[in-house]
Amino acid sequence: MEIWTDGACKGNPGPGGWGALLVAGGREKELWGGEPGTTNNRMELTAVIEALRALKRPCSVVLHVDSTYVMQGMSSWIVGWKRNGWRTASKQPVKNAELWRALDDEVSRHEVRWVWVKGHAGDPGNERADQLANRGVAEL
């Protein structure tokens, strides 16, 4: 299973959207949605959460994201946040903690390999995810 996700926000905060493209066995599924008052980081997280929630059984997933926030959060920050009771190293509450917790729960159900892709650089899956995220904003 390969998944590409993206978030979009018109103003930050402002109306936002998320999109995900799921590809397996020659089949594709597109997901998108939006929120009227949100941030780009929240939409990036939501895209990954919703994509993983759409999987009906545990899967081996290659997850392509263009968000350094999501990549750093999952590759390094989350271990310390969990150890510190969802507080940062400076003892402040983690921003978007409910989304990070939801993402951590979804990731635990699957075998996930994270791949960072440069946004708006011609990666076809990322371009599709971006279009879906913008559709999420447009359909609010």
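Predicted model: local features only at pLDDT ≥ 70, side-chain atom pairs only at ≥ 80, totals over all residues.
Leaving aside neighbours within four places in sequence, Asp 6 is in contact with Gly 17, Trp 18, Gly 19, Met 43, Glu 44, Ala 47, Asp 66, Ala 129, Asp 130 and Ala 133. Asp 6 sits in strand S1, which covers residues 2–9.

Two of those contacts deserve a second look. UniProt, in an unreviewed entry, places the feature "binding site" at Asp 6, Glu 44 and Asp 66. These positions span 61 residues in sequence, yet no two of their C-alpha atoms are more than 8.7 Å apart, so they gather at one spot.

Glu 44 has its own list of partners: apart from neighbours within four places in sequence, Glu 44 is in contact with Asp 6, Gly 7, Asp 66, Ser 67 and Val 70. For Gly 7 there is a distance to go with the name, as its backbone nitrogen lies 3.3 Å from a polar atom of the Glu 44 side chain.

Now to the strands. S1 and S4 run parallel and are joined by four bridges, with Trp 4 having His 64 in S4 as its bridge partner. S4 also runs parallel to strand S5 (residues 111–116), and six bridges join the two; here Val 62 is partnered by Arg 113 in S5. How many residues of S4 are buried? Five of the six are, so the strand is largely enclosed by the rest of the structure.

Val 61 shows what such surroundings look like residue by residue. Not counting residues up to four places away in sequence, Val 61 touches Met 1, Ile 3, Leu 52, Leu 55, His 110, Glu 111, Val 112 and Arg 113.

Val 61 also belongs to the largest nonpolar core, which has 32 residues; Ile 3, Leu 52, Val 61, Leu 63, Trp 100 and Leu 103 touch the most other members. Two or more residues of this core come from each of strand S2 (14–24), helix H1 (40–53), strand S4 (60–65), helix H2 (68–83) and helix H3 (97–108). As a general background, nonpolar side chains tend to be buried together in soluble globular proteins.

Methods:
Residues numbered from 1 in each chain as written. Heavy atoms only, no water. Core = buried A, V, L, I, M, F, W, Y, C linked by side-chain atoms within 4.5 Å. Buried < 20%, exposed > 50% of the residue type's maximum accessible area, 1.4 Å probe, protein only. Contact = heavy atoms within 4.5 Å. UniProt positions renumbered as here; feature names shortened; annotations may be inferred. Polar contact = N/O pair within 3.5 Å; in protein donor to acceptor, adjacent residues only side chain to side chain. Pairing = 2+ DSSP bridges.
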